[in-house]
Amino acid sequence: IPVSPQAFPLPSLPRKQPTVLVVCGPAQNGAIGLVCARHLRIFDYEPTIFYPKRSPDPLYQDFTTQCEKMDIPFLSYLPTEVQLINDAYNAVVDAVLGAEAEAAEGREPCAAILSTLKLIRIPIVSLDVPSGWDVEAGSSGGISPDVLVSLSAPKQCARRFLGRQHFVAGRFLPYDVQKKFELNPPEYPGTECVVALRALR
Amino acid sequence: QDEAQAIDQELFSEYKFSVDQLMELAGLSCATAIAKVYPPGSFTTSRPAVLVVCGPGNNGGDGLVCARHLKLFGYEPTVYYPKRPSKPLFEGLTTQCQKMDIPFLPEFPAEPALIDELYGLVVDAIFGFSFKGAVREPFGSILSTLGHVTVPIASIDIPSGWDVEKGKADGLQPDMLISLTAPKKAALHFEGRFHFLGGRFVPPALQEKYALNLPPYPGTECVLQLT
């Protein structure tokens, strides 16, 4: 069951409506984005989803249905006019590519999405790996998210993350898995499922 | 009871939620509510030991999920799960608990006093909102033993053995009730100290359709304290 990042730090939204754009890629990272969008809706945000290349996986198709039945709109195209995105939404959730992506970022529609995302001015929250970054080396000239939510444990490229807040969502990992991979996770406060790692600035 | 079953059906057939998804969110709510009311530091037993009694159906499944999250929250849960459905969902949940080193008791403690000594809390995950008719063994004896324990009991959704609408005056009297999705009619008869709502997954359209009139959950919390 994918983790739903619950600690989206949007205490004071600049726009009147709590709108959030969730951009979902074709694989698991995108599916996590769908689950996230659903929970954002339950939390009274107004998410909109852009999900151009839909996975044939029945589980992910069900996630799509759940979002549709919750009246979450699906955009038919992503505006290339970046100002339109800046004006309509408070933040963008980047659920395009995760740690498993290899050549995918070179292929459409991901490449076009990423070039748009590089230009937007509103905060980006990336799920697990800033899309388009190499999972180990990071990226120069790639997108610069404001917030990173590492899933299970931070990936190597997270060292290059320069944004405002880095969260880890990995509370559900069994202890023997944590030990086996020497994850040394931080303490999670109370019953929270995410924990903020020390900000880099 | 019929309405609760209708809502469930709609969540699965129209909204395409899987039982796994909702059971995970339900079990997590239960563990969260328990952690708010009975934090690990508040136990008078030397360790924060919790006995989770799981029945033969979905309520038992909720209990297994709850036990796993209680472990992650720092408790030491022990499960008693005498009647296990041979379905992948329940087998998976059982394995997840076992791999987290959560012990499964081979038999139920014979005396209430033994439960009081070993555990600081009992989670009643025996029967849920689909319960109808007579209580079959071994649950009859289990419920009568639980009727005599003095440590708090937290019931998931319905105090086990109660009529889902009318309650049961001479039945289990839990200290805490965690209603899932929406409180059932039986909750009107609940006289314990803490009533929580959990299962924060009901789409707004469904809430309206069944006029659930649920009060708002605080922030991003997955539980809401009703009393």
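Tutor: Let's begin with a term: two residues are in contact when heavy atoms lie within 4.5 Å. Keep in mind that this is a predicted model.

Student: How many residues of chain B are in contact with chain A?

Tutor: Apply that cut-off across the two chains. On one side, 21 residues of chain A take part. Their partners in chain B number 24 residues.

Student: How much area do chain A and chain B bury between them?

Tutor: The size of an interface is often given as the accessible area lost when the parts come together. Here 63% of that area is on carbon and sulfur atoms. The total for chain A and chain B is about 2,200 Å².

Student: Which three residues supply 25% of the area that chain A buries against chain B?

Tutor: Look for the trio that supplies more than any other three residues of chain A. They are A:Lys69, A:Tyr175 and A:Thr191.

Student: Which element gives the largest share of the side of chain A that touches chain B?

Tutor: Helices H1, H2 and H5 of chain A each give two or more residues to that side. The largest share is five residues, and it comes from H2(A).

Student: Is H1(A) largely enclosed or largely open?

Tutor: Count its buried residues, those under 20% relative accessible area. In H1(A), 13 of the 15 residues are buried, so the rest of the structure leaves this helix largely enclosed.

Key
Residues are numbered from 1 along each chain as its sequence is written. Chains are lettered from A and ligands numbered from 1 in the order in which they are written. This is a predicted model: local features need pLDDT of at least 70, side-chain atom pairs count only at pLDDT 80 or more; totals for chains, interfaces and linings use all residues. Side-chain values use heavy atoms; hydrogens and water are left out. Buried area is the accessible area (1.4 Å probe) that two parts lose on being put together, summed over both. Helices (H or I, at least four residues) and strands (E, at least two) are DSSP runs, numbered from the N terminus. Buried means under 20% relative accessible area, exposed over 50%, partly exposed in between (1.4 Å probe, protein chains only).
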